[in-house]
Amino acid sequence: MKGTIVFRCVHCKRLCEVEVKEGVIPCPSCAMEAGKIERIDALFDRCPLCQCRQFYLSKDFNQGLGCLILAAGALLVPVTYGLSLPLFALVDWLLYKRVPTIACCYRCSAFFRGLAPPKHLKPFSHHTGLMYDKTSP
């Protein structure tokens with residue numbers, strides 16, 4: 001599988017997914033230039049879209065589905081006297097092991113699928129995330 005970048009275009013505001021290859025990154029929706037990849041081996045030195053130097057690791061899993069699974073587990077606790085908790089913990093663990101890890105940019109929230117993230121990247125840090133939060137004063 002080829003690597004892809006998923007990002008929100010700054011021009012048309014649409015969610016886009018493009019294949020990772022050297023050269024200009026065009027928005028598939030409005031055809032405007034979204035960024036540029038100089039070298040694929042240096043992809044995680046700077047974000048090709050916003051030039052940010054900081055990335056974090058995340059699991060490529062739908063958060064809405066995760067919340068739904070959590071809610072189902074919580075609703076079943078009184079009915080099963082808590083015996084469903086080990087089952088939901090096992091399902092959670094199996095999903096965690098099977099779902100691939102992706103790299104995400106702190107500033108523009110672009111994420112990179114199908115690529116092996118560098119070893120030096122860490123999971124999301126709330127302190128670092130606050131530095132790039134667009135809603136904080």
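R39 is partly exposed, with a relative accessible area of 46%. Its side chain meets that of D41 in a salt bridge, at 3.1 Å from N to O. D41 counts as exposed, because its relative accessibility is 65% and the cut-off for exposed is over 50%. R39 stays under that mark, so it is called partly exposed. Keep in mind that this is a predicted model.

How many salt bridges does a search of the whole structure find? The count is three. The pair of D41 and R39 is one of them. Now turn to R113.

R113 lies in strand 7, which covers residues 111-113. The side chain of R113 forms a salt bridge with that of E17, with 3.6 Å from N to O. E17 sits in strand 2, residues 15-19. The two partners are 96 residues apart, so this bridge links distant parts of the chain. R113 also forms a salt bridge with D60. Here the closest N and O atoms are 2.8 Å apart. D60 lies in the loop between strand 5 and helix 1, while R113 is in strand 7, so this pair ties together parts that are 53 residues apart in sequence. Which residues do these shared partners join into one network? They are E17, D60 and R113.

F61 is partly exposed, with a relative accessible area of 31%. Together with L65 and L68, F61 makes a nonpolar surface patch of about 270 Å².

Next comes a surface patch of another kind. What charge do R46, R53, R107 and K134 bring together on the surface? They gather in a patch of positive charge. Take K134 from this group. K134 is found in the segment after helix 3, and that helix spans 126-132. Why does K134 count as exposed? Its relative accessibility is 65%, and exposed means over 50%.

Step back into helix 3 and find T128. Is T128 buried or exposed? T128 counts as buried, because its relative accessibility is 14% and buried means under 20%. T128 touches Q54 and Y106, leaving out residues up to four places away in sequence.

Now move to the loop between strand 3 (23-26) and strand 4 (33-37), where C30 has its place. C30 counts as partly exposed, at 26% relative accessibility. Which residues does C30 contact, leaving aside neighbours within four places in sequence? They are C9, H11 and C12. C30 and H11 are 19 residues apart along the chain. Their C-alpha atoms are separated by 7.7 Å.

Last, look at the backbone. Most residues other than glycine have a negative phi. Two residues here go the other way. K13 is not a glycine, yet its phi is positive, about 65°. K13 lies in the loop between strand 1 (4-8) and strand 2. K13 is exposed, with a relative accessible area of 53%. Q51 is the other case. Its phi is near 70°, a positive value in a residue other than glycine. Q51 has its place in the loop between strand 4 and strand 5. At 40% relative accessibility, Q51 counts as partly exposed.

Conventions
Residues are numbered from 1 along each chain as its sequence is written. This is a predicted model: local features need pLDDT of at least 70, side-chain atom pairs count only at pLDDT 80 or more; totals for chains, interfaces and linings use all residues. Side-chain values use heavy atoms; hydrogens and water are left out. Patches are made of residues with over 30% relative accessible area and no salt bridge: like charges are joined within 9 Å, nonpolar side chains (Val, Leu, Ile, Met, Phe, Trp, Tyr) within 5 Å. Accessible areas come from the Shrake-Rupley method with a 1.4 Å probe; for residues, only the protein chains shown count as cover. A salt bridge is a side-chain nitrogen of Lys or Arg within 4 Å of a carboxyl oxygen of Asp or Glu. Lys and Arg count as positive and Asp and Glu as negative; His and the chain ends are not counted. The place of a charge is taken as NZ of Lys, CZ of Arg, CG of Asp or CD of Glu. Helices (H or I, at least four residues) and strands (E, at least two) are DSSP runs, numbered from the N terminus. Buried means under 20% relative accessible area, exposed over 50%, partly exposed in between (1.4 Å probe, protein chains only). Contact means heavy atoms within 4.5 Å.
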